[in-house]
Amino acid sequence: MQSYLSGIEDNLSPTDYQLKNSLITTIKKRFHTYGYQKTSTRAFQGYDMYASVIGTVHKHNMIKTIDPSGDVMVLRPDVTIPITRKMAVKEGMYHRLCYVEDIFRQPNDSSQNGEFTQAGVECFGENTAENDAEMVALAVHILQDLKFEQFKIEIGHAGFFKELIDELPLSPQESEKLQELIQSKNLTDIEPFLEDLYVEDHVVKAVKAIPMLYGNPQYVIETAESIILNEKMRETIESLKHVYDVLKAYEIENAIVLDLGLINHMDYYSGIIFQGYVSGYSKPVLMGGRYNNLAEQFGRSMPAIGFGCIVDDLFHAQKAAGKLPEIDQSVDVTIHYDRTGINDALPAANRLRESGYRVMTQDTETNSKTCIPSLLTVHFENEQSFIRHRQKQLNFQSADELKTLLQQEMRDN
Amino acid sequence: MITLALAKGRTADDSIKLLEQAGIHFDHLNSKSRKLVFYDTAGMVKLIFVKALDVPTYVENGAADMGIVGKDNIMESQADIYEILDLKLGRCKFAVAGFNGTHPSNNNVLTVASKYPAVAEKHFHKKKIPINTIKLNGSVELAPLIGLADVIVDIVETGNTLRENGLTILEEMDSVSTRLIVNKASFTTKSESVHKMIHTLQTGLE
């Protein structure tokens, strides 16, 4: 039996499950208010689709299986790619889609969970600063809905780093190394790394500046402008500036930091990228960005932007912050009956259920002790029928009378 | 309040001295003490002492906002953190060491003993030399002597221990020194106090 016990701590308790569900409901409602419609993808996806798309989940991180015809399938390691493919292949699809799906990744070690829930949106066909900013605003809106008081959205740009390393004579291994150094803001080791490359001084200066292009957007944009090396980088900064202006109109600039050293491990991003942190939680709770070139890989050019909330992390962060709502675990009515009352009690229970009350029934003669609390109790016992509520006893004769009494009592509650 | 994880051992005393220099004072702080948690007199920093290799783990998971730890342990843990400052303490070097003249032969897979198996694997992988790693927790120099491994990968300060055991450095690898690391979320959500702390240490270094 021992083996069944390992991993049991991953299972949510019923209360936690309710809480996670209500969190998902909150997010979905917010998605809808921005015009998104729900879609879904299949859990089993073709391995070839993921393997052929450049810059996606690493093949080691996918959980693979084989279908009866011998094709390799993977358990959905990402939702954006199948949704993008569907958009690219089918004509006339609604272009604002949201989803809540489980994602599967091969865990690095046995202590990690290979399955997590992601709730996200994808918006196709628009490619403006307004659209970028609206995405960020939606992310902020969700964190507000979830009652987080302190949070930050870090915004970077996938293009900035790529355009900069175009100026450097790097092998793939070296550019991976440089990416690592920038991601860890490791200025100590960037310097000797660049010295070995014999590049011009102003390029060295620009690369060294990137990790610290972080913080207040105004400051970051001004500093970034001073190290621009080519026209593309200038355009990138211009577009970030524009996005920031729209964010100011949304009045959410206080929740924003710019980080031009931000690099997402998903290589398909082409424009702004962002991730959200909430105070007191050590991992990002949402991430996303613009990926204008992904649909092209499925044969159709179509700009797109999206982000995903990592529901499990949001849930743990809410728990850590003590922001979880109370879950009502009681029912409205418990009906107690004995052998003389059974023929009245069970039909009465069903009538109340049809009116929307939450009803439990209990045979007083069997000793079963269900412990679900209820607001009031109804009794069909010793040939009598009555409601008991707050030390009061109210008798009734018919099912209609019971319903009227209940309505009164519930209103007073 | 910022939680700072400090590596026990080799560099603990020097790190404490550096914090004092930067104006962060702790009462009754002593690395020999068995107490593991200390608060600074200004009430800004909570200092926790943890095993060196655990410092990056504490910081990556947000159990500490910042950490002071050797580059050797950062490399071994492969933690996803910011590595902000070189505190220039405890400088040494990673090296491959063994008996003079040991070469990875073409026929046999090289056996490498190390306290840093991830570092060793990465190094030889880059050189396309297949190896078997044996993880040891101390007295690594012993491994080649008694035939447990062909070579070792370890940090070398003076080289005395190697020499006394008849081993030599076969290849020098990355340099190591003590670093200030920061949790990525704390860097963003506690940015004011974190940046102040970075700045304080930076001035302490100068």
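Trainee: What should I know about the model before we start?
Mentor: The model is predicted, so local features need pLDDT of at least 70, side-chain atom pairs count only at pLDDT 80 or more, and totals for chains, interfaces and linings use all residues. Residues are numbered from 1 along each chain as its sequence is written, while chains are lettered from A and ligands numbered from 1 in the order in which they are written.

Trainee: OK. How is chain B divided?
Mentor: Into domain 1 (2–90 + 177–205) and domain 2 (92–175). Those bounds come from an automatic or database domain assignment.

Trainee: How far apart are the C-alpha centres of the two domains of chain B?
Mentor: They lie 29 Å apart. Domain 1 of chain B gives six residues to the contact, and domain 2 of chain B gives seven residues. Contact means C-beta atoms, placed from the backbone, within 7 Å.

Trainee: Which classes are on the domain 1 side in chain B?
Mentor: One nonpolar, three polar and two charged residues. Ala, Val, Leu, Ile, Met, Phe, Trp, Tyr, Cys and Pro count as nonpolar; Asp, Glu, Lys and Arg as charged; the others, Gly among them, as polar.

Trainee: Now sheets. What is the order in the five-strand one of chain B?
Mentor: 8-7-9-6-10, open, with mixed pairing. Strands pair if DSSP finds at least two bridges between them. Strands (E, at least two residues) and helices (H or I, at least four) are DSSP runs, numbered from the N terminus.

Trainee: Which strands stand at the edges there?
Mentor: Strand 8 (131–135) and strand 10 (168–176) of chain B. Each has a single partner strand, so one side of each is left without a neighbour in the sheet. The twist averages 25° from one strand to the next.

Trainee: In which sense do strands 7 and 8 of chain B pair?
Mentor: Parallel, over five bridges. B:Thr111 has B:Asn132 in strand 8 of chain B as its bridge partner.

Trainee: What does helix 4 of chain B lie across?
Mentor: Strand 6 (92–98), strand 7, strand 8, strand 9 (151–156) and strand 10 of chain B. Helix 4 (residues 117–126) of chain B runs at about 170° to strand 8 of chain B. Axes are lines fitted to C-alpha atoms, for helices over the stretch in contact, and angles run from 0 to 180 degrees between N-to-C directions.

Trainee: And the six-strand sheet, what order?
Mentor: 2-3-1-4-11-5 in chain B, open and mixed. Strand 2 (37–39) and strand 5 (82–86) of chain B stand at the edges. Strand 4 (residues 66–70) and strand 11 (residues 178–182) of chain B run antiparallel, joined by five bridges. B:Gly67 stands opposite B:Ile181.

Trainee: Over to chain A. How do helix 2 and helix 12 of chain A pack?
Mentor: At an angle of about 115°, with their axes 10 Å apart. Helix 2 of chain A and helix 12 of chain A are therefore roughly perpendicular. Angles of 65 to 115 degrees count as that; under 35 is roughly parallel, over 145 roughly antiparallel, the rest oblique.

Trainee: Which residues of helix 2 of chain A make the contact?
Mentor: A:Leu19, A:Lys20, A:Leu23 and A:Ile24. Helix 12 of chain A brings A:Val311, A:Leu314, A:Phe315 and A:Gln318. The residues of this contact divide into six nonpolar, one polar and one charged.

Trainee: Last one. How many residues does each chain give to the contact between A and B?
Mentor: 13 residues from chain A and 11 residues from chain B. The chain A side has three nonpolar, six polar and four charged residues.

How values were computed:
Contact = placed C-beta atoms within 7 Å.
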